[in-house]
Amino acid sequence: MWKPSIFADLETNKNLNANNCSSSVSTFILLGFPYTWEIQILLFSVFFGTYISTLIGNLCIICAVRWDYRLQTPMYILLANFSFLEICYINSTVPNMLANFLSESSTISFSGCFLQFYFFFSMGTTETFFLSVMAFDRYLAICKPLHYPTMMTVQNCCRMGTGCCGFLCFLLPIYLASQLPFCCANKIDHFLCDPGPLIKLSCEPAPGTEVICAIYNSVLIFSTFLFITSSYTLVIKAVLRVPSAEGQRKAFSTCGSHLAVVSLFYGSIMVVYVSPTAGNPAGMQKIVTLFYSILTPLFNPLIYSLRNREMKEALRKLFSSVRFRQSHGKGF
């Protein structure tokens, strides 16, 4: 059963004197959501349902692009890869969070904590690059339609997708954080190994590491965000010059889906990671992190499927094929 002692004395834990505790930390305790056992079970059910829905939604987009030849275009290939990235992204944190809801200790090893830190932020960085590539694809398709078939071939699309890998970007912040002395305090007031609460547990003040993390976050977020907004500004200007109302509607429908995803993702991460870690209350940090780490991957397939006629037709065809094979006892 749930043990209230896990969540007790958090303030005392923060103020422990490193001189009175010489042993180094080998495990961390993720405090998560310190509620009663009944509420913990309720939260587990809600997040488990969200997790399964996210996996199914993004897998449906991948399958639709894979099996519908009409979607074998750069835009939808990028979308399928983005959906795969979302599946990896949510799997970096949610399974461990769900397990902690049912666990008595909610512990994570020192190495496991920094591995989660690394993969979560590396895939988040990859997502910002991917959103930039998707914005560039829409810019070429609408602003440079004559050059689009030669510039955005399937081969170039795959190269750009491969170039979005962000697994090298956060090596320095993670290395610096891992070298901090963790002597006694080991309770992270979060549901994942986030750098803000993690750095606060250090025995010694680490303003340099905090500033470096803030600089990394700000440069990454603002550079990609400015690129995306610049691309869509040019797209909107081009769309407004289209004489056909139907052409404008179709262009705005496609770009509107992308802009909705960009707004959801960037709006939430800017709240947490643009400013230095000390300025964000723990409660707000948890809620906002929940939004971009769990809810945004859930909303993405809904946004792209509900606002895109080709995707809705492909999904309808996919579901019809599944029902047909089930009714005739065939597998894929």
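Guide: A pocket, as the word is used here, is an open set of points on a 1 Å grid over the protein atoms alone, with protein on both sides within 12 Å along at least five of seven lines; a cavity is a set of points where a 1.4 Å probe fits but cannot get out, and lining residues have an atom within 4 Å of a point. Grid points are joined across faces, edges and corners, and a volume is the space filled by probe spheres set on the points. The model is a predicted one, in which local features need pLDDT of at least 70 and side-chain atom pairs count only at pLDDT 80 or more, while totals for chains, interfaces and linings use all residues. Residues are numbered from 1 along each chain as its sequence is written, and side-chain values use heavy atoms, with hydrogens and water left out.

The second largest pocket has a volume of about 240 Å³. It is lined by 15 residues, and those closest to its centre are Asn81, Thr126, Phe130, Gly161 and Thr162. Two or more lining residues come from each of helix H3 (74-91), H5 and helix H7 (154-162), where helices are DSSP runs of H or I of at least four residues, numbered from the N terminus. Helix H3 gives the largest share of this lining, with six residues. By kind, the lining of this pocket holds 11 nonpolar residues, four polar ones and no charged ones; Ala, Val, Leu, Ile, Met, Phe, Trp, Tyr, Cys and Pro count as nonpolar, Asp, Glu, Lys and Arg as charged, and the others, Gly among them, as polar.

A search of the whole structure finds four cavities of 30 Å³ or more, and the largest cavity has a volume of about 140 Å³. Its lining consists of 14 residues, with Phe121, Gly124, Thr125, Ile269 and Tyr273 nearest the centre. Helix H5 (110-143), helix H10 (207-240) and helix H11 (245-273) each give two or more residues to the lining of this largest cavity, and the largest share, five residues, comes from H5. The lining of the largest cavity divides into 10 nonpolar residues, four polar ones and no charged ones.

Tyr273, one of the residues nearest the centre of that cavity, is also a contact of Thr289, which touches His190, Phe191, Leu192 and Ile294 as well, leaving aside residues up to four places away in sequence; contact means heavy atoms within 4.5 Å. Thr289 belongs to helix H12 (residues 282-306), and because its relative accessibility is 0%, it counts as buried, a word that means under 20% relative accessible area, with exposed over 50% and partly exposed in between (1.4 Å probe, protein chains only).

For contrast, let us finish with another helix. Glu310 is found in helix H13, and at 26% relative accessibility it counts as partly exposed. Glu310 touches Leu71, Tyr76 and Lys250, not counting residues up to four places away in sequence. Although Glu310 and Tyr76 are 234 residues apart in sequence, they are 9.9 Å apart in space, C-alpha to C-alpha. Elsewhere in H13, Met311, Ala314, Leu315 and Leu318 are buried, whereas Arg316, Arg323 and Ser327, on the other side of H13, are exposed.
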